[in-house]
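The paragraphs below go through some of the ring pairs and the charges placed over rings.

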Amino acid sequence: MRILHVTSEVAPYSKTGGLGDVLADLPIAQRRRGHDVTVLSPLYGSVPRDGLTRDAEPVAVSLAGRRVEGHLWRADGLLFFQAPDLYARAGAYGHDDDPLRFAALCKLAAALAEGYDVVHLHDWQAAMTALYVGGRRPVVQTIHNLAYQGICHPGWADALEIPHELRRFTGLEFHGNLSLFKAGLVLADRVTTVSPTYAREIQEEPGGQGLAGVLTHRPDGVAGLLNGIDQDRFNPAADPALAAPFSAAETAGRAACRAALQAELGLDEGPIFAVVGRAVHQKGLDVVAAAAPAIVAAGGRLALLAGGDPAIVHGLRAAEAPGLVSLNTQFDESLSRRYYAGADFFLMPSRFEPCGLSQLIAMRYGAVPIVRRTGGLADTVVEGETGLTFFDPTAEALLGAVHRALALDDAGRGRLQAAGLAADWSWDRSAEAYDRLYHDLLPGETAR
Ligand code: GLC
């Protein structure tokens with residue numbers, strides 16, 4: 001199959017979260033299955049150009065008579081849309097003309113769609129492609145996070161070529177505004193999200209963030225297909241960032257990794273609880289800040305690698321204590337792998353979590369996850385088998401799980417750790433599930 005992915009992020013070129021990783025790793029697994037896969041994404045000012053080549057011929061898209069001119073840049077399986085007027089700025093998101101910036105990407109995707117069997121859209125930034133393709137090709141829309149919906153003023157409707165019949169609530173209208181995400185959610189042939197539990201949560205309020213009605217209205221519902229991780233990129237048996245290699249079969253090296261992290265962060269003796277994540281409301285790190293004094297009083301040590309929202313970072317700063325709570329706000333990919341490899345436990349108290357990749361990486365690196373039972377966390381961490389779980393997004397509930405963690409003896413913790421180390425989070429399983437979904441959409445295929 002020829003597959004075109006449309007996305008606002010692709011790692012390592014542009015990445016603010018898990019979306020970028022998915023668009024780097026899923027195509028690799030799909031190519032392993034014999035497909036011809038292309039990822040289309042904007043060429044932001046920050047994307048390094050080395051290794052990319054620019055097409056000689058310019059490209060242009062037009063939206064309501066406005067011409068956006070640019071060039072396509074290519075690397076293996078990657079297509080970047082360079083349109084200096086739209087993308088050559090600091091930061092991928094947060095500009096007043098974001099509706100136009102991403103609609104232009106979608107317009108280009110629709111123009112390229114003829115060359116593909118399936119067009120696969122990711123999050124709201126790609127969703128308008130479903131409108132512009134207009135049924136000429138099968139379209140799949142994946143929800144990585146429903147909290148960002150591409151909401152804009154209805155005054156954008158003409159400039160984005162939204163037909164009048166789609167300006168109503170059965171179309172893109174959303175509480176008097178427009179939600180560009182709805183183009184994909186209403187018009188795509190299939191809607192998927194990144195875990196079965198999140199698929200259920202968003203078909204009810206408040207999880208659906210106002211869109212549960214739209215999603216439950218789809219006759220085919222929302223399918224939940226779990227993400228994976230690139231088991232070569234995240235491989236403690238061959239990770240140059242680590243003090244020593246280890247694996248499920250040969251765990252001895254992990255002690256050296258633990259000692260190295262403890263020394264690197266200057267932590268006192270005691271079980272190490274790590275956090276690696278963006279400090280945003282979704283991730284619940286304010287709950288970690290609130291629980292920090294009690295975790296320390298119970299004997300735990302905290303290793304926090306989290307930058308982001310200044311108010312949340314401020315709360316974490318207030319919890320900082322030499323030897324007991326270490327905070328680093330400068331995310332760095334190889335440093336993060338030393339946290340995963342050295343921590344005893346990994347905290348992830350997300351308020352909601354469509355899939356979550358960090359808990360998978362934690363298990364792969366032998367840190368026992370302690371997670372809130374929501375979304376993909378509920379689907380990947382099994383209480384008492386691969387980790388510990390709690391439900392309320394409160395310091396008390398988190399502490400309850402931390403106390404259970406501290407009560408484990410070496411054998412008990414070792415059992416959870418071994419189960420996590422042995423788990424298979426490879427992308428092959430997901431790629432196979434996407435294959436089945438695509439196949440049902442191809443002409444001549446009968447539904448199965
Ligand atoms: C978003 C979600 C996260 C998910 C990722 C990739 O970042 O918040 O849960 O793992 O997308 O699908």
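Is Phe80 buried or exposed? Phe80 has 0% relative accessibility and counts as buried (buried is under 20% relative accessible area, exposed over 50%, partly exposed in between, with a 1.4 Å probe and protein chains only). The model is predicted: local features need pLDDT of at least 70 and side-chain atom pairs pLDDT 80 or more, while totals for chains, interfaces and linings use all residues. Residues are numbered from 1 along each chain as its sequence is written, and side-chain values use heavy atoms, leaving out hydrogens and water.

Rings of Phe, Tyr and Trp (its six-membered ring) pair if their centres lie within 6.5 Å; planes under 30 degrees apart are stacked, over 60 edge-to-face, and the rest tilted. This rule gives nine aromatic pairs. Tyr13 lies in the loop between strand S1 (2-6) and helix H1 (18-32) and Phe80 in strand S6 (residues 78-82), so the pair ties together parts 67 residues apart in sequence (helices, H or I of at least four residues, and strands, E of at least two, are DSSP runs numbered from the N terminus). Tyr13 is partly exposed, at 21% relative accessible area.

The pair of Tyr340 and Tyr365 is tilted, because the ring centres are 6.4 Å apart and the planes are at 45 degrees. Tyr340 is buried at 3%, and Tyr365 is buried at 0%.

A charge sits over a ring if NZ of Lys or CZ of Arg is within 6 Å of the ring centre and within 35 degrees of the ring normal. The charged end of Arg49 is over the ring of Trp73, 5.6 Å from its centre.
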